[in-house]
Amino acid sequence: GVDAFVWLHQFAASWAHAVAAVGVKDYTGLTAGFMKRSLEVLRMGMKLVFVFDGGRTPQKDATNEDRQARRAIRYDAYENGVEGAEGSAASTRNLRASVSITDEMVSAVVEALRQHGLAYYIAPLEADGQLVV
């Protein structure tokens with residue numbers, strides 16, 4: 001099985017300008033990248049089952065709040081050009097580090113998986129627990 005959020009984070013960072021910038025929510029590149037990788041793995045003869053995180057656990061609230069605060073700091077640095085002009089390596093790093101996986105991103109990828117007939121599972125809580133079963 002594949003922890004789908006690992007791939008989501010990779011592709012969301014790669015497509016940060018489309019998924020993280022205020023007012024821009026285009027998940028086309030993220031979804032296309034996710035599906036391209038999926039189909040490449042399938043062509044190698046492997047079977048895929050994607051496991052998505054489900055509900056949030058109260059035990060991780062502090063961790064999630066810390067992550068969100070760090071993402072906000074990085075987005076502010078991107079917006080304000082703290083480490084360089086827009087498009088610079090530092091600016092791009094800040095934008096990529098600010099990306100948070102949203103329910104809309106998950107829905108877009110799940111819909112693409114469904115359309116291609118690929119297996120997926122939404123865990124009750126964290127995907128990790130389902131992957132060891």
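How many helices and how many strands does the secondary structure of the chain come to? The chain has seven helices and three strands. The model shown here is predicted. Read from the N terminus, the order of the elements is β-α-α-α-β-α-α-α-β-α. The C-alpha trace spans about 45 × 35 × 25 Å along its principal axes. The chain has 133 residues, and buried residues make up 36% of them. Among the contacts in the chain with a separation of 6 or more, 72% are accounted for by residues 24 or more positions apart.

Now take two of the helices. Helix H1 covers residues 4-14 and helix H6 covers residues 103-115. Their axes come within 11 Å of each other and cross at roughly 110°. H1 is therefore roughly perpendicular to H6, because angles of 65 to 115 degrees are counted in that way. Which residues of H1 and H6 make the contact? On the side of H1 they are Phe5, Leu8 and Ala12, and on the side of H6 they are Met105, Val106 and Val109. By type, the residues of this contact divide into six nonpolar, no polar and no charged.

Some of these residues come up again around Leu30. Leu30 is found in helix H3, which runs over residues 28-43. Is Leu30 buried or exposed? Its relative accessibility is 0%, so Leu30 counts as buried, since the cut-off for buried is under 20% relative accessible area. Leaving out residues up to four places away in sequence, Leu30 touches Leu8, Phe11, Ala12, Trp15, Val19, Met105 and Val109. Among these neighbours, Leu8 and Ala12 belong to the H1 side of the contact described above, and Met105 and Val109 to the H6 side.

What is the volume of the largest pocket? The volume of the largest pocket is about 650 Å³. The largest pocket is lined by 26 residues, and those closest to its centre are Phe5, Asp53, Arg56, Asn64 and Ile101. Phe5 is also one of the H1 residues in the contact with H6. H1, H6 and helix H4 (61-79) each supply at least two residues of the lining of the largest pocket. This lining divides into eight nonpolar, nine polar and nine charged residues.

The second largest pocket holds about 190 Å³ of space. Which residues line the second largest pocket? They are Val19, Ala20, Lys25, Gln68, Arg71, Ala72, Tyr75, Ser98, Val99, Ser100, Thr102 and Met105. H4 gives the most to this lining, with four residues. By type, the lining of the second largest pocket divides into six nonpolar, four polar and two charged residues. Two of its residues, Val19 and Met105, are also touched by Leu30.

Helix H4 also holds Asp76. With a relative accessibility of 45%, Asp76 counts as partly exposed, because that class lies between the buried limit of 20% and the exposed limit of 50%. Asp76 and Leu95 are 19 residues apart along the chain, and their C-alpha atoms are separated by 8.9 Å.

The last stop is helix H7, residues 127-131, which includes Gly129.

Asp128 and Val2 are 126 residues apart in sequence, and C-alpha to C-alpha they are 9.4 Å apart in space. Leu30 and Asp128 are 98 residues apart in sequence, with 22 Å from C-alpha to C-alpha. For Gly129 and Pro58, the values are 71 residues in sequence and 16 Å in space, again C-alpha to C-alpha.

Definitions and conventions. Residues numbered from 1 in each chain as written. Predicted model: local features only at pLDDT ≥ 70, side-chain atom pairs only at ≥ 80, totals over all residues. Heavy atoms only, no water. Axes fitted to C-alpha atoms, helices over the stretch in contact; angles between N-to-C directions. Parallel < 35°, antiparallel > 145°, perpendicular 65-115°, else oblique. Contact = heavy atoms within 4.5 Å. Nonpolar A, V, L, I, M, F, W, Y, C, P; charged D, E, K, R; others polar. 1 Å grid on protein atoms, 1.4 Å probe; cavity = no way out; pocket = protein on both sides within 12 Å on 5 of 7 lines; lining within 4 Å. Points joined across faces, edges and corners; volume = space filled by probe spheres on them. Buried < 20%, exposed > 50% of the residue type's maximum accessible area, 1.4 Å probe, protein only.
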